[in-house]
Amino acid sequence: MATIVKGKDIVQAKRKELTAHVAQLAQKPNLTIIRVGEDAGQLYYEQACHRILGNMGFEVASVSLPIDTDQATFNQAFDQVNNDHGVHGILLLKPLPSHLSDDYASQTIRAEKDVDCFGEKNMVKIYQGDFSSYLPCTAQACLDIIDALELDLKGMRTVVAGYSLVVGKPLALALMDRGATVKICRSTTKDLARECRDQELVISAMGQAQMIQADFVNEQAVVIDVGINEAADGKIVGDVAFDAVQSKVKAITPVPGGVGTVTNFVLAQHVLRAYQLLNK
Ligand SMILES: Nc1nc(=O)c2c([nH]1)NC[C@@H]1CN(c3ccc(C(=O)N[C@@H](CCC(=O)O)C(=O)O)cc3)C=[N+]21
């Protein structure tokens with residue numbers, strides 16, 4: 001039986017501290033979420049942000065644009081949020097509809113407001129090995145879970161399955177920076193089971209339910225499930241076949257209640273940092 005790694009246990013004490021800190025500020029730190037369309041995963045995250053950051057004393061606002069918004073209108077809406085002095089952190093929900101590019105937003109976002117690290121300035125730093133600025137919240141959440149488990153990443157055989165700009169790629173770079181031996185896979189990797197089977201740490205961020213099965217893992221493995229997928233019955237599930245895998249491995253994060261919970265807390269930390277940077 002695996003240790004079930006609950007996000008709540010990792011963030012609970014720190015959440016109290018952060019809430020107390022926020023209560024003492026002159027003004028509520030503001031997170032503004034920009035969403036185009038009505039994607040289920042994005043709405044789920046957005047609602048969680050409103051509820052959880054709201055309860056911690058943040059001000060959370062949403063700018064919701066229709067799915068057929070054109071590029072000029074999108075850029076204009078982005079400018080408005082980026083230039084608004086009342087906004088401290090910006091979360092642009094991904095993915096955007098395929099007819100829209102985030103090039104303009106990524107090139108112009110004020111680095112201090114870039115709490116999910118999609119802007120070019122912050123992204124380049126990560127590529128250069130400078131992790132002093134923001135890391136995307138979900139990638140940071142995985143590192144926080146690794147730290148809570150006190151895993152020694154030096155030389156650790158690690159698979160990152162999934163290579164998105166918001167999770168897989170920055171996470172792989174951060175793990176390499178900490179000395180891990182990182183193998184990057186994706187859902188189309190030939191024989192993914194074979195690539196995962198002898199790994200000490202398996203992180204799945206592919207966004208496909210039931211991808212990681214019991215024969216992908218060994219008894220010593222730690223499994224971090226980043227996936228957020230909607231099952232046929234409307235429930236949210238991860239990338240890992242949880243019941244089968246948890247009976248075999250050393251430790252595993254559940255969905256919901258695992259990485260997502262920590263992601264939300266990291267976002268709150270980043271918005272507080274944005275507030276501090278902008279009020280210096
Ligand atoms: N630019 C960008 N960054 C993202 O990080 C991003 C995104 N776009 N688009 C959508 C997906 C989805 N996602 C979630 C993160 C946390 C929860 C979450 O907080 N879940 C909690 C609680 C949910 C609840 O209690 O309702 C949990 O799993 O325990 C959910 C979903 C981030 N995404």
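Predicted model: local features only at pLDDT ≥ 70, side-chain atom pairs only at ≥ 80, totals over all residues.
Me: Switching topic, where does UniProt put the "binding site" feature?
Reply: The UniProt record, which is an unreviewed entry, places the feature "binding site" at Gly-162, Tyr-163, Ser-164 and Ile-228. Of these, Gly-162 sits in the loop between β5 and α7, and Tyr-163 is placed in the loop between β5 and α7 as well.

Me: Is Gly-162 buried or exposed?
Reply: Gly-162 counts as buried because its relative accessibility is 5%, which is under the 20% limit. Leaving out residues up to four places away in sequence, Gly-162 touches Gly-168, Cys-185, Arg-186, Ala-205 and Met-206.

Me: What about Tyr-163, how accessible is that one?
Reply: Tyr-163 has a relative accessible area of 40%, so it is partly exposed. Not counting residues up to four places away in sequence, Tyr-163 touches Gly-168, Lys-169, Ile-184 and Arg-186, and its side chain is joined to the side chain of Arg-186 by a polar contact of 3.4 Å.

Me: Now the inside of the protein: how many residues are in the largest nonpolar core?
Reply: The largest nonpolar core has 56 residues, and those with the most contacts inside it are Leu-31, Phe-58, Leu-175, Leu-201, Ile-203, Ile-224 and Leu-267. Elements that each supply at least two residues of this core include α1 (7–23), β2 (30–36), α2 (40–55), α7 and α10 (259–278), and the largest share, nine residues, comes from α10.

Me: Can we zoom in on Leu-201, and what is it in contact with?
Reply: Leaving aside neighbours within four places in sequence, Leu-201 is in contact with Ile-146, Leu-151, Leu-153, Met-156, Arg-157, Thr-158, Val-159, Val-222 and Ile-224.

Me: Where is Thr-32?
Reply: Thr-32 is in strand β2, and it is buried, with a relative accessible area of 4%. The side chain of Thr-32 makes a polar contact of 2.8 Å with the side chain of Asn-30, and, if we set aside residues up to four places away in sequence, Thr-32 touches Ala-61, Val-63, Val-81, Val-87, Gly-89, Ile-90 and Leu-91.

Me: Last topic, how many residues surround the ligand?
Reply: The ligand is surrounded by 18 residues, of which the closest are Lys-94, Asp-116, Gly-257, Thr-261 and Asn-264.

Me: Which atom of Asn-264 is involved, and how far is it from the ligand?
Reply: An N or O atom in the side chain of Asn-264 is 2.4 Å from an oxygen atom of the ligand. With Gly-257, a polar backbone atom is 2.6 Å from a ligand oxygen atom, and with Gly-260 a backbone N or O atom lies 3.2 Å from an oxygen atom of the ligand.

Note on methods: Residues numbered from 1 in each chain as written. Heavy atoms only, no water. UniProt positions renumbered as here; feature names shortened; annotations may be inferred. Helix = DSSP H or I, 4+ residues; strand = E, 2+ residues; numbered from the N terminus. Buried < 20%, exposed > 50% of the residue type's maximum accessible area, 1.4 Å probe, protein only. Contact = heavy atoms within 4.5 Å. Polar contact = N/O pair within 3.5 Å; in protein donor to acceptor, adjacent residues only side chain to side chain. Core = buried A, V, L, I, M, F, W, Y, C linked by side-chain atoms within 4.5 Å. Near = heavy atom within 4 Å.
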